[in-house]
Amino acid sequence: IVMLINENPLLVEEAALNKCYKVMDLICEKCMKQRDMNEVLAMKMHYISCIFQKCINFLKDGENKLVTLIKSLLKGRASDGFPVYQEKIIRESIRKFPYCEATLLQQLVRSIAPVEIGSDPTAFSVLTQAITGQVGFVDVEFCTTCGEKGASKRCSVCKMVIYCDQSCQKIHWFAHKKICKNLKDIYEKQQLEAAKEKRQEESNGKLNVNSNCVNEEQPEAETSVCQEDSNPKDSVEGEKECLQSEAGLQCFQDAPAGPQASEE
């Protein structure tokens, strides 16, 4: 939202943003007071209003201050690059929602309040899920810089950070370059562990297949024995079948060691 405002000459004025945030507040109020209450739209309008107000505060300090705000939102902590200031802004916006009795607000607070800043779920992910509905449950990637849904370009070095395009990557580079190498090490470690788990699963799968083969063959032998016992009055043909089944059972008992070893 801040990047959109910064790129639009009509919005990069304190007076224009004042009008915009007041309109957002009026829509929020209408959504909550109408007969068919729309808490989701109200929360969305309130959040945009809060971002507008934050932009107004930065514009009061002089020209090009929105660039400072953008960098503050993207700047990550030294350990893992997590955008602490961005997380605090989103939490503050949710906390300022004026309708405390709203069910959506209570759900957001229960989801976010117990979580330490920097841990999952983040305020960004929780709020996005609340606003977008079921789309939030779909495995969708968001641009690290602008937050746009469906980003697909990854950093060629660390493979961990996602962008819309090179312009978003350039904007975020001042923050990302400090942790890119660390993220690369984490990515390579994750890949090794995933490959190890895959080999383990394949090995377990082969063992399960071999054990199933043995379990499927043994009942047939038991069935043939039962058939022999259940037909004691058969003629010579029955005796021949009995001998054949005994011979087959003998072969079955002697067989397993060779074929199983070769299969493994």
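User: What percentage of the 264 residues of the protein chain count as buried?

Analyst: This is a predicted model, in which local features need pLDDT of at least 70 and side-chain atom pairs count only at pLDDT 80 or more, while totals for chains, interfaces and linings use all residues. Residues are numbered from 1 along each chain as its sequence is written, and side-chain values use heavy atoms, with hydrogens and water left out. Buried means under 20% relative accessible area, exposed means over 50%, and partly exposed lies in between (1.4 Å probe, protein chains only). By that rule, the buried part of the 264 residues of the protein chain is 27%.

User: How many helices and strands does the protein chain have?

Analyst: Helices (H or I, at least four residues) and strands (E, at least two) are DSSP runs, numbered from the N terminus. From that end, the elements run α-α-α-α-α-α-α-β-β-α-α-α-α. The count comes to 11 helices and 2 strands.

User: Which residues does Leu-108 contact, leaving aside neighbours within four places in sequence?

Analyst: Contact means heavy atoms within 4.5 Å. With neighbours within four places in sequence set aside, the partners of Leu-108 are Met-43, Ile-94, Val-126, Leu-127 and Ala-130.

User: What distance separates the end C-alpha atoms of α5?

Analyst: The buried residues of α5 are Glu-87, Ile-89, Ile-90, Arg-91, Ser-93 and Ile-94, and their cover includes α3, α4, α6 and α7. The expected span of a helix is 1.5 Å times one less than its number of residues. The 12 residues of α5 should therefore span 16 Å, and this agrees with the distance between the end C-alpha atoms, 16 Å.

User: Is Glu-39 buried or exposed?

Analyst: Glu-39 sits in helix α3. Leaving aside neighbours within four places in sequence, Glu-39 contacts Met-32, Ala-102, Thr-103 and Leu-104. A polar atom of the Glu-39 side chain lies 3.2 Å from the backbone nitrogen of Thr-103. Because the relative accessibility of Glu-39 is 17%, this residue counts as buried.

User: How far is the side chain of Thr-128 from the backbone oxygen of Phe-124?

Analyst: Thr-128 lies in helix α7 (residues 123-132) and is buried, with a relative accessible area of 16%. The distance from a polar atom of the Thr-128 side chain to the backbone oxygen of Phe-124 is 2.7 Å.

User: How far apart in space are the C-alpha atoms of Arg-77 and Lys-178?

Analyst: Arg-77 is in the loop between α4 and α5 and is partly exposed, with a relative accessible area of 28%. Its contacts beyond four places in sequence are Phe-82, Val-84, Ile-117, Gly-118 and Ile-179. Arg-77 and Lys-178 are 101 residues apart in sequence, and their C-alpha separation is 9.6 Å.

How values were computed:
Polar contact = N/O pair within 3.5 Å; in protein donor to acceptor, adjacent residues only side chain to side chain.
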